[in-house]
Amino acid sequence: MRTTVILNPQAAAGRAGREAAKIQNRIETSLGICEVVQTTQAGEATLLTRKALEEGSERIVSVGGDGTNNEVVNGFFKERSTEVVREGAALSFFPMGTGGDFCRVLGLNERTFEEAYRDAELFPMDVGTMWFQDPQGEQQMRHFLNVASFGGSGVITQKVGALTKLLGGKLAYYVGTINGLMSYKNKRVRVRIDEDFDEEMVVNTAAVGNSTCFGGGMYITPNANIRDGELDMVVAGDVGVVTFLRCSSHIYKATHLDLPFFRQLRGKHIRIDALEDGEVFSETDGELCGRLPLEFRVQESAIKLFAPAHPSLA
């Protein structure tokens, strides 16, 4: 299988770049000869992935954190499209980065690359797609592997981006959460899901999950599954900063759905509209995108995942 490695040299505070040759050797030990391409700027991983697939690569290995992984999965699709570049192409991961949430879900953070990929196999995998409004008011789209969210989480993403990632995943996200929620005011939105749900609600933060985890280990959509053909939506309602922070430990433990101000919904097609003035920002896989209105769709079994068997893939 022809393999291309997309490596973000800035990942893990620059360690990925410094150890690029070592990383290539480790990947080749498990997957065979591969070509390594390093990114030089934000957004380039999408272009490099798309180019590699157009030129015949059958498997892409993403080396970086959640931001790099998000750019790479977007490269599996044609520009501004839900059509894949190469049918049957597979995605794998060499975890490095600040959050590493998607790799955490797959259990890849618990083992070395060599151990994890000793018994890897192909799985069909869903991908989420979000349409949003950019700062110029134009509609844009972005695919995501893990979780997209809006409301307080959008502001939190802005704050986390301004923090040094030397703090580490959990600490950076925790400090960003405090700063973000302190500056965010809950917003009233309209939520429509498929053809059978239409409701107005006040939202602190809402997450739409293709998978389960964001924010450096917060299992915000704990019942989502990347192979079930649906998106899970979890809403934190009209709660204040103090209450949200006091209960945030429940999200790390995936026990927050027992709390009265959390609500779980699910479907294949989700639409969100703002019902009051004030911008509401969104993010996908930890990367800030744009603002409401939003539309989400699941792309069922859109690409292949090459990874070891894990309960999250059941």
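The report below takes these topics in turn.

This is a predicted model: local features need pLDDT of at least 70, side-chain atom pairs count only at pLDDT 80 or more, and totals for chains, interfaces and linings use all residues. Residues are numbered from 1 along each chain as its sequence is written, and side-chain values use heavy atoms, with hydrogens and water left out.

**The pocket.** The second largest pocket holds about 470 Å³ of space. Its lining has 21 residues. T46, N74, Q140, M141 and R142 lie nearest its centre. Elements that give two or more residues to this lining are α3, α4, β6 and β15.

| Class in the lining of the second largest pocket | Residues |
|---|---|
| nonpolar | 6 residues |
| polar | 8 residues |

**The loop residue.** S81 sits in the loop between α4 and β4 (90-95). Is S81 buried or exposed? S81 counts as buried because its relative accessibility is 17%, and buried means under 20% relative accessible area (1.4 Å probe, protein chains only). Leaving out residues up to four places away in sequence, S81 touches M141 and H143. Contact means heavy atoms within 4.5 Å.

α3 (44-54) is mostly covered, with 8 of its 11 residues buried. Among them are E44, T46 and R50. Their cover includes β1 (3-7), β2 (34-38), β3 (59-64) and α4. Just after α3, G56 takes a positive phi of about 115 degrees.

Conventions. 1 Å grid on protein atoms, 1.4 Å probe; cavity = no way out; pocket = protein on both sides within 12 Å on 5 of 7 lines; lining within 4 Å. Points joined across faces, edges and corners; volume = space filled by probe spheres on them. Helix = DSSP H or I, 4+ residues; strand = E, 2+ residues; numbered from the N terminus. Nonpolar A, V, L, I, M, F, W, Y, C, P; charged D, E, K, R; others polar. Buried < 20%, exposed > 50% of the residue type's maximum accessible area, 1.4 Å probe, protein only.
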